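Please read them with the structure open.

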Amino acid sequence: MDLKVGVIGTGAIGIEHIKRINEKVQGAYVTAVSDINVEQAQRLANQIDAVFFETGEELIASPDVAIVVVTSWDPTHEKYVLEAIKHGKYVFCEKPLATDSAGCKRIVDAEVKAGKKLVQVGFMRRYDRGYIELKEAIETKKFGEPLMLHCAHRNPTADENYLTPMAIINTGIHEIDALRWLLQEDYVSAQMILPKQTSFTHEKLHDPQMLILETVSGIHIDLEIFVNCQFGYDIKCDVVCETGEIGLEDPAYTHVKAKGKNYTKIAPDWQTRFVEAYDYEFELWVRSIQTGNLTGPTAWDGYAAAVTMDACGKARDTGERTLIQLPECPALYK
Ligand code: NAI
């Protein structure tokens, strides 16, 4: 039987996920929506023949909602995820799981107490074909041990509301999770470097920024985060191993030869660059719930990312290499 989905937060990505669930994913459809922007959410509910709920809590409690998607603003994620756990309902929460590690830990504790994995975090890089191929090469040791990773996360422009800490909290968080998953290793330290700034930034945003992460076995990662690069949405991940290097290609289905040039386009935004990863992420989420075995990024992964994120903030403020320490991973997530 198809799963009834309730979506909390019907902004940009909420609408995309609703379309994805209703039009692409097998085995689920959206029956309920909720948003503090009542007028817009009610209109959307009418369009897709779903029920509108005044609050996320009412939506979660509804017998017409079997599983929950949280795509509201970051500070609201924690309370809705905790509420879903309280009702024993599977919940997909867009990143970040909570705004800090303490909030993520409360979710981990609630899930451990419930004794069942119910939470999946929206770290969709894990569903990208390129990253999956990188992971296979690393796991099979095709080119020996990985030693260093050179990565970049570039956006064409960022607006006035995008501030210095968001380079990690909103942007670098994707790499923080994806690289830990690729290498299957936790981080032990973070260091932040604030290089010469682009003239395209504003007073409250240091752009670009560099993050250096070190893993338990000593692998070093350098990540450039540059959100006003002007030329496109550009993601790089080159893994240097003992006998070879493997890196992400820019996905392109066509190339152009004209006026003496031969080129492919760069994706303009994350929606275009990762559309297939988002589709696959939801397809597998629904399938894993149907089979009763969640396989995606867990609340523990959300917590590990948040601990790293907190360390990056400290490293930026102090200019020092900051140690990262996770408590013992609960058995539920092993
Ligand atoms: P948005 O601002 O377009 O939409 C958020 C919606 O949440 C708005 O409609 C707002 O009215 C609603 N909202 C706020 N507080 C609420 C509450 N208490 N209850 C119910 N609804 C509430 O933002 P956007 O871009 O859609 O992002 C939403 C979330 O998705 C953010 O947490 C963001 O970090 C995450 N995100 C993840 C991405 C990924 O690549 N995995 C990409 C883009 C966003």
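1. Start with the ligand. This is a predicted model. In it, an oxygen atom of the ligand sits 2.5 Å from an N or O atom in the side chain of Asp74.

2. Glu94 places a polar side-chain atom 2.7 Å from a nitrogen atom of the ligand. His174 has a polar side-chain atom 3.3 Å from a ligand oxygen atom.

3. How much of the ligand's accessible area does the protein cover? On its own the ligand has 850 Å², and the protein covers 84% of that.

4. The ligand is surrounded by 22 residues. Asp74 and Glu94 are among the closest, together with Asp35, Tyr80 and Tyr278.

5. Now the helix pairs. Helix α6 (residues 129-139) and helix α7 (residues 166-183) cross at roughly 35°, and their axes come within 9 Å. From α6, the contact uses Tyr131, Ile132, Leu134, Lys135 and Ile138. From α7, it uses Glu175, Ala178, Trp181, Leu182 and Leu183. By class, eight of these contact residues are nonpolar, two are charged and none is polar.

6. Helix α1 (residues 12-23) packs with helix α2 (residues 38-48) at an angle of about 10°, and the axes are 13 Å apart. Angles under 35 degrees count as roughly parallel, so α1 is roughly parallel to α2.

7. Which residues join α1 to α2? Ile15, Ile18 and Asn22 of α1 meet Gln40, Leu44 and Ile48 of α2. That contact has four nonpolar residues, two polar and no charged.

Methods:
Residues are numbered from 1 along each chain as its sequence is written. This is a predicted model: local features need pLDDT of at least 70, side-chain atom pairs count only at pLDDT 80 or more; totals for chains, interfaces and linings use all residues. Side-chain values use heavy atoms; hydrogens and water are left out. Axes are lines fitted to C-alpha atoms, for helices over the stretch in contact, and angles run from 0 to 180 degrees between N-to-C directions. Helices (H or I, at least four residues) and strands (E, at least two) are DSSP runs, numbered from the N terminus. Angles under 35 degrees count as roughly parallel, over 145 as roughly antiparallel, 65 to 115 as roughly perpendicular and the rest as oblique. Contact means heavy atoms within 4.5 Å. Ala, Val, Leu, Ile, Met, Phe, Trp, Tyr, Cys and Pro count as nonpolar, Asp, Glu, Lys and Arg as charged, and the others, Gly among them, as polar. A residue is near a molecule or strand if one of its heavy atoms lies within 4 Å of it. A polar contact is a pair of N or O atoms within 3.5 Å; within protein, one must be able to donate a hydrogen and the other to accept it, and residues adjacent in sequence count only if both atoms are side-chain atoms. Accessible areas come from the Shrake-Rupley method with a 1.4 Å probe; for residues, only the protein chains shown count as cover.
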